[in-house]
Amino acid sequence: MALSLLVVSISFYLKEYISPDSDLYATLSLVSVAGVVVMVIAFSLGLGAMPWIIMSEILPINIKGLAGSFATLSNWFFSWLVTLIANLLLDWSSGGTFTIYTAVYVFTAGFVAIWVPETKGKTLEEIQQFFR
């Protein structure tokens with residue numbers, strides 16, 4: 001995701017300095033579209049499933065319903081917020097928007113790598129012991 005977002009942001013930055021009539025401008029437009037498509041695929045295969053996996057694997061059974069509802073609400077709220085703000089950011093700077101998205105993803109990947117526990121092969125009791 002970070003690499004594809006970085007490619008999109010660089011192509012938008014370069015398009016600011018190239019004539020819209022040139023062949024390179026059209027190529028950069030295709031690179032931007034391809035980068036967004038790759039990002040959507042990568043998101044769907046990786047980070048997009050993260051809230052649902054975390055919710056199903058690490059929440060204790062006694063609060064799973066309430067905490068799952070809150071996690072779902074939070075997930076959809078932030079999806080709405082990103083959608084709401086995207087057009088404002090794109091009007092400001094297309095390259096800057098995707099640079100911000102790249103930085104947010106890198107921070108998120110680091111957070112997940114450091115703070116989200118590995119649950120493969122562990123029982124629910126072992127996972128709950130991790131948080132005590």
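**Close-up views of a predicted model**

**View 1. Gly95, Gly96, Thr97, Phe98, Thr102 and Val112 are the buried residues to look for in helix α5.** Buried here means under 20% relative accessible area, while exposed means over 50% and partly exposed is anything in between (1.4 Å probe, protein chains only). The helices are DSSP runs of H or I with at least four residues, strands are runs of E with at least two, and both are numbered from the N terminus. Cover for the buried residues of α5 comes from elements that include α1, α2, α3 and α4. With 22 residues, α5 reaches 31 Å from its first C-alpha to its last, close to the 32 Å expected at 1.5 Å a residue. That expected span is 1.5 Å times one less than the number of residues in the helix.

A quick word on the model before moving on. This is a predicted model, in which local features need pLDDT of at least 70 and side-chain atom pairs count only at pLDDT 80 or more, while totals for chains, interfaces and linings use all residues. Residues are numbered from 1 along each chain as its sequence is written, and side-chain values use heavy atoms, with hydrogens and water left out.

**View 2. Serine 9 sits in helix α1, which runs over residues 2-15.** Is serine 9 buried or exposed? Serine 9 counts as buried, because its relative accessibility is 1%. Setting aside residues up to four places away in sequence, serine 9 touches Gly95, Phe98 and Thr99. Contact means heavy atoms within 4.5 Å.

**View 3. The largest pocket holds about 1400 Å³ of space.** Its lining is made of 40 residues, and those nearest its centre are Phe43, Leu47, Asn75, Phe78 and Thr108. Two or more lining residues come from each of α2 (23-45), α3 (50-58), α4 (64-92) and α5 (94-115). Which element gives the largest share of the lining? That is α4, with 14 residues. Sorted by class, the lining has 34 nonpolar residues, 6 polar ones and no charged ones. Nonpolar covers Ala, Val, Leu, Ile, Met, Phe, Trp, Tyr, Cys and Pro, charged covers Asp, Glu, Lys and Arg, and the others, Gly among them, count as polar.

How is the pocket found? On a 1 Å grid over the protein atoms alone, a pocket is an open set of points with protein on both sides within 12 Å along at least five of seven lines, whereas a cavity is a set where a 1.4 Å probe fits but cannot get out; lining residues have an atom within 4 Å of a point. Grid points are joined across faces, edges and corners, and the volume is the space filled by probe spheres set on the points.

**View 4. Proline 51 and isoleucine 54 both belong to helix α3.** Proline 51 is partly exposed, with a relative accessible area of 27%. Apart from neighbours within four places in sequence, isoleucine 54 is in contact with Leu59 and Val116.

**View 5. Phenylalanine 131 lies in the segment after α6 (124-130).** At 45% relative accessibility, phenylalanine 131 counts as partly exposed. What does phenylalanine 131 touch, not counting residues up to four places away in sequence? Its contacts are Ile58 and Pro117. Phenylalanine 131 and isoleucine 58 are 73 residues apart along the chain, and their C-alpha atoms are separated by 9.1 Å.
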